[in-house]
Amino acid sequence: MISVFKLGLSAAVFIGGVGLITALASLSIQAPVPRGVGPWLAPFAISVLLVVMSLVLAVQAVDGTWRCEAAQTSKTPTAIMPILWLAGGVIADILVIKPLGFIPAAAILFVATARAFGSRSLLLNLAAGIALAAIIEFCFVRLLGIDLGDGLISLAG
Amino acid sequence: MDSLLHLLHGFAVAATPTYLLWSLAGVTLGTVIGVLPGIGPSVTIALLLPLTFQGDPIGAFILFGGIYYGAMYGGSTTSILLNMPGESTSLITAVDGYQMARRGRAAAALATAAIGSFVAGTIATLALTIIAPVIVGFALKFGPAEYFMLAVLAFSTTTALVGQSVVRGITSLCFGILIGFVGLDLQTGQPRLTFGVMDILDGFSLTVVTVGLFAVGEVIHLALHPEPNSEGSIQPITGTIGMSRDDFRRSWPAWLRGTVIGFPLGALPAGGGEIPTVISYFVEKLFSKRKNEFGHGAIEGVAGPEAANNASTAGVLLPLLTLGLPTSATAAIMLSALQGYGLRPGPFLLRDQPDLVWGFIASLLIGNFFLLVLNLPLARVWARLLTIPKPPLLAAILVLTTVSTYAVSQSTFDLMLLFVFGVIGYFVKRLDFPQTPIIVGMILGPMAEQQFRRALAISQGDGTVFISHPLSASLFVCSLLSLFGPILWRRLGRSPAHTKTNSVETGS
């Protein structure tokens with residue numbers, strides 16, 4: 001009995017799709033080139049190669065020759081909570097960094113990530129996150145002159 | 001000899017207090033990240049890139065070189081003490097190194113690794129010094145057709161000789177090349193593959209892609225698939241770290257053999273430092289009179305591979321500095337750094353930027369010395385690093401990735417890209433796509449294309465120019481061999497007995 005490697009098959013389809021899109025996009029690159037090849041050729045050729053590879057990958061996904069980590073059946077189901085915490089932290093970081101500044105955004109990301117990995121000491125992590133972010137902002141902005149943006153709470157300027 | 005004079009000049013550049021501090025910082029940072037799993041020299045250098053563009057290129061390169069060499073040392077410490085290699089190049093060291101530690105011989109293992117790395121790194125760097133000008137002289141005859149074929153050779157070796165699957169290697173490579181193509185075409189100014197999105201008109205930032213794929217991807221992977229608590233107890237180090245006479249007698253030939261294996265293999269576009277270490281291990285086993293000790297704590301099994309991986313690190317620098325050809329992901333990132341500073345990589349680099357190149361090479365020798373002095377006494381400290389609890393450590397790494405990305409352009413779009421690439425990186429790991437070809441493709445792809453179009457422009461549209469030039473043709477043949485050779489090799493090796501065992505296996 002051959003079970004189809006579903007993740008692999010979807011990945012192959014995804015890759016093939018990307019290849020098709022980039023191939024089509026390449027064909028619409030125009031440039032007046034008097035002689036020689038234009039800027040469309042290389043992206044097109046690579047896209048075609050990518051589509052061909054995706055077909056081979058699809059075959060491998062179906063006939064079971066695709067050996068990888070995801071293909072091994074594991075007993076422990078993938079935990080969902082970590083993804084939610086990570087995603088939440090990332091989204092919050094992106095939303096908050098411009099209005100509130102680097103330090104609050106980084107602190108939130110720190111706490112959310114630590115929680116994603118199972119650490120439940122919320123206050124401790126919050127303190128650590130704020131401290132880390134403040135140190136980073138101090139070192140990079142003040143000492144090295146790197147721009148980490150403004151915001152409500154910022155050491156810039 | 002000319003090279004040695006250049007090198008002395010390099011020492012004059014590198015031995016200034018500021019640059020010595022940079023070197024010390026680099027090797028220390030490198031050792032730390034070598035110890036920590038999940039984060040490696042390529043990601044670290046990519047992380048630091050935007051932060052160093054403000055400063056001076058020589059200092060930055062001395063830092064990067066220190067990180068590169070330091071990571072090799074750090075990886076071996078954890079291999080020996082904890083059976084947890086911090087770097088893929090230290091995988092083999094763990095085999096006999098950990099066994100030595102379990103038998104109370106951790107001190108000797110660490111000593112042979114550190115001294116062997118120093119010896120190999122020094123010899124290999126000196127070899128680099130002497131051979132580099134020779135290669136440069138030779139490379140000045142290269143035209144665009146030859147450069148294109150050189151890039152093709154790099155492509156074919158990094159896809160075909162690394163990892164299990166050529167198909168997945170080529171897929172990674174194509175993906176990387178396409179990422180590299182996004183943005184404005186250099187010759188005509190036409191936007192390519194930008195799909196109307198203004199933010200990527202300049203292309204994808206190398207830092208965002210590398211850090212996203214490797215670091216963020218790794219964090220996501222660890223969150224979803226936590227590693228079982230493999231923290232075996234840290235093996236105690238009894239006594240001062242040093243070797244007995246007997247250990248030394250057994251080690252030094254292994255060091256020399258490792259150097260000879262590591263340096264040329266590192267210089268070849270074969271994608272990394274793992275292959276030389278594996279070959280060194282098997283060579284040591286082959287030549288040893290104590291074969292049955294291997295796997296149970298044979299000191300040669302540590303000495304050889306450790307020497308090999310440091311020598312291969314110097315080997316990788318040879319094509320990078322002389323031809324502008326990266327043969328590993330870290331080298332590709334350093335190449336990108338050169339471009340970022342407005343320096344032109346290639347044979348002219350040696351001539352146009354002697355301070356940078358020779359100062360850099362001299363700093364490697366200095367850094368190597370620092371590493372020897374640091375690592376022997378501080379090994380216990382480095383091992384302690386691994387007792388830092390994972391959640392805050394990984395959270396800190398993730399925050400650092402955002403710093404680097406945000407510092408480039410203060411753009412939340414880049415932050416989003418960082419995490420998108422992180423998700424892609426997660427699947428790349430899960431589905432066993434090799435990572436090196438993505439980076440090499442992204443950096444070399446556009447360069448190769450430029451050379452291709454230039455070659456055709458010079459030959460006025462004549463496509464046979466790639467085969468009519470003898471050098472270009474031979475490089476092309478090498479590429480074909482490296483691509484199809486392993487497959488043919490495997491086919492030839494298949495005997496009836498083989499196919500029987502294979503058909504039993506495919507049940508999984």
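Predicted model: local features only at pLDDT ≥ 70, side-chain atom pairs only at ≥ 80, totals over all residues.
**Notebook: salt bridges and a greasy patch**

I started with B:Lys429, which is partly exposed, with a relative accessible area of 28%.

Next I checked what B:Lys429 pairs with. Its salt-bridge partner is B:Glu218, and the closest N and O atoms sit 2.8 Å apart. B:Glu218 is in helix 9 (residues 206-224) of chain B and B:Lys429 is in helix 17 (residues 412-430), so this pair ties together parts that are 211 residues apart in sequence. Is B:Glu218 buried or exposed? I found it buried, at a relative accessible area of 14%, because anything under 20% counts as buried.

Then I looked up B:Arg105. Its side chain meets that of B:Asp247 in a salt bridge (3.2 Å, N to O). This one also links distant parts of the chain: B:Arg105 is in the loop between helix 5 (91-102) and helix 6 (106-139), while B:Asp247 is in helix 10 (residues 245-267), 142 residues apart. B:Arg105 is partly exposed at 29%, whereas B:Asp247 is buried at 4%.

I moved on to B:Arg192 and B:Asp185. They form a salt bridge with the closest N and O atoms 3.9 Å apart, and both residues are buried. They also belong to a salt-bridge network with B:Glu449 and B:Arg453. Over all chains, I noted 11 salt bridges in the structure.

Last stop, chain A. Which residues make the nonpolar surface patch of about 490 Å²? They are A:Ile80, A:Met81, A:Ile83, A:Leu84 and A:Trp85. I picked out A:Met81, which lies in helix 3 (residues 81-100) of chain A and is partly exposed at 47% relative accessibility.

Key:
Residues numbered from 1 in each chain as written. Chains lettered and ligands numbered in written order. Heavy atoms only, no water. Patch = residues over 30% accessible without salt bridge, like charges linked within 9 Å, V, L, I, M, F, W, Y side chains within 5 Å. Areas by Shrake-Rupley, 256 points an atom, 1.4 Å probe, with all protein chains shown as cover. Salt bridge = Lys/Arg side-chain N within 4 Å of Asp/Glu carboxyl O. Helix = DSSP H or I, 4+ residues; strand = E, 2+ residues; numbered from the N terminus. Buried < 20%, exposed > 50% of the residue type's maximum accessible area, 1.4 Å probe, protein only.
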